[in-house]
Amino acid sequence: QVQLEESGGGSVQAGGSLKLSCVASGYRNINGCWAWFRQAPGQEREWVASFYIGYMSSGDSNTAYADFVRGRFTVSRDRAKNTHYLQMDSLEPEDSGLYYCAASSFNVVGAMCRNKLSSSDYYWGQGTQVTVSS
């Protein structure tokens, strides 16, 4: 059984930083897409960033970001700890929301990790709240 657990959310002022963590257990895919999504109250869940781990990447970068976070957010992983991270800098009030970690439920090629998977293609964590005040 795959389990994802996020942590690191909290309340910060605009311009501040937070680092979210996602600890995974039971994940066995060797070509996987690890993604971060967020959902603000009353809005649909939206893709934030992805990190591809696998052998079918065709040479492209293994990270991808939504335009609204590019240059401010960074995804990374600690393989030894089986943990993925989302470093969020220069936070804005519009970044507030519930942040979810997700991992593809089957092996994928790298290109699919660029926001090409549907919600049902992922395992999901429970989310961690991020609140940015102005």
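This is a predicted model: local features need pLDDT of at least 70, side-chain atom pairs count only at pLDDT 80 or more; totals for chains, interfaces and linings use all residues.
**Entry 1**

I began with the inside. I noted the general point that in soluble globular proteins nonpolar side chains tend to be buried together. The largest nonpolar core here has 39 residues, and Trp 34, Leu 86 and Met 88 are the ones that touch the most other members. I then listed the strands that each supply at least two residues of this core: E3 (18–25), E4 (32–39), E5 (46–53), E6 (63–65), E7 (73–78), E8 (83–88), E9 and E11 (128–133). E5 gives the largest share, six residues.

I took Leu 86 for a closer look. What is Leu 86 in contact with, once its neighbours within four places in sequence are left aside? I wrote down Leu 18, Lys 19 and Leu 20, then Trp 36, then Val 48 and Ala 49, then Phe 73, Thr 74 and Val 75, and finally Tyr 99.

I found Trp 36 in strand E4. Its relative accessible area is 2%, so Trp 36 is buried. I also checked Trp 36 against Trp 124: the two are 88 residues apart along the chain, and their C-alpha atoms are separated by 9.7 Å.

**Entry 2. Aromatic pairs**

Next I looked for ring pairs. How many aromatic pairs does a search of the whole structure find? The search finds six. I wrote out one of them, Phe 37 with Tyr 122. The ring centres are 5.4 Å apart and the planes stand at 75 degrees, an edge-to-face pair. Phe 37 belongs to strand E4 and Tyr 122 to strand E10, so this pair ties together parts that lie 85 residues apart in sequence.

Are these two residues buried or exposed? Phe 37 has a relative accessible area of 7% and is therefore buried. Tyr 122 is at 6%, so Tyr 122 counts as buried too. I also noted that ring pairs link Phe 37, Tyr 100, Tyr 122 and Trp 124 into a cluster.

**Entry 3. Salt bridges**

I counted salt bridges next, and the structure holds four. I followed Asp 95 to begin with. Asp 95 forms a salt bridge with Arg 38, and the closest N and O atoms are 2.8 Å apart. I found both Asp 95 and Arg 38 buried.

Asp 95 also meets Arg 72 in a salt bridge, at 2.7 Å from N to O. Arg 72 is in the loop between E6 and E7, 23 residues from Asp 95, and this pair too links distant parts of the chain. I checked the accessibility of both partners. Asp 95 is at 1% relative accessibility and so counts as buried. Arg 72 has a relative accessible area of 12%, which is under the 20% limit, so Arg 72 is buried. Salt bridges that share partners join Arg 38, Glu 46, Arg 72 and Asp 95 into one network.

I then turned to Asp 67 and Arg 70. They form a salt bridge with the closest N and O atoms 2.5 Å apart. Asp 67 has a relative accessible area of 64% and is therefore exposed. Arg 70, with 47%, is partly exposed.

**Entry 4. Positive phi in the loops**

Asn 82 has a phi of about 50 degrees. Asn 82 is placed in the loop between E7 and E8, and at a relative accessible area of 34% Asn 82 is partly exposed. Asn 115 has a phi of about 60 degrees. I found Asn 115 in the loop between E9 and E10, and at 38% relative accessibility Asn 115 counts as partly exposed.

**Entry 5. A nonpolar surface patch**

Which residues make the nonpolar surface patch of about 510 Å²? They are Ile 30, Tyr 55, Met 56, Val 109 and Met 112. I looked up Val 109 and found it in the loop between strand E9 (97–104) and strand E10 (122–124). Val 109 has 36% relative accessibility, so Val 109 counts as partly exposed.

How values were computed. Residues are numbered from 1 along each chain as its sequence is written. Side-chain values use heavy atoms; hydrogens and water are left out. Patches are made of residues with over 30% relative accessible area and no salt bridge: like charges are joined within 9 Å, nonpolar side chains (Val, Leu, Ile, Met, Phe, Trp, Tyr) within 5 Å. Accessible areas come from the Shrake-Rupley method with a 1.4 Å probe; for residues, only the protein chains shown count as cover. A salt bridge is a side-chain nitrogen of Lys or Arg within 4 Å of a carboxyl oxygen of Asp or Glu. Helices (H or I, at least four residues) and strands (E, at least two) are DSSP runs, numbered from the N terminus. Buried means under 20% relative accessible area, exposed over 50%, partly exposed in between (1.4 Å probe, protein chains only). A nonpolar core is a set of buried Ala, Val, Leu, Ile, Met, Phe, Trp, Tyr and Cys residues joined through side-chain atoms within 4.5 Å. Contact means heavy atoms within 4.5 Å. Rings of Phe, Tyr and Trp (its six-membered ring) pair if their centres lie within 6.5 Å; planes under 30 degrees apart count as stacked, over 60 as edge-to-face and the rest as tilted.
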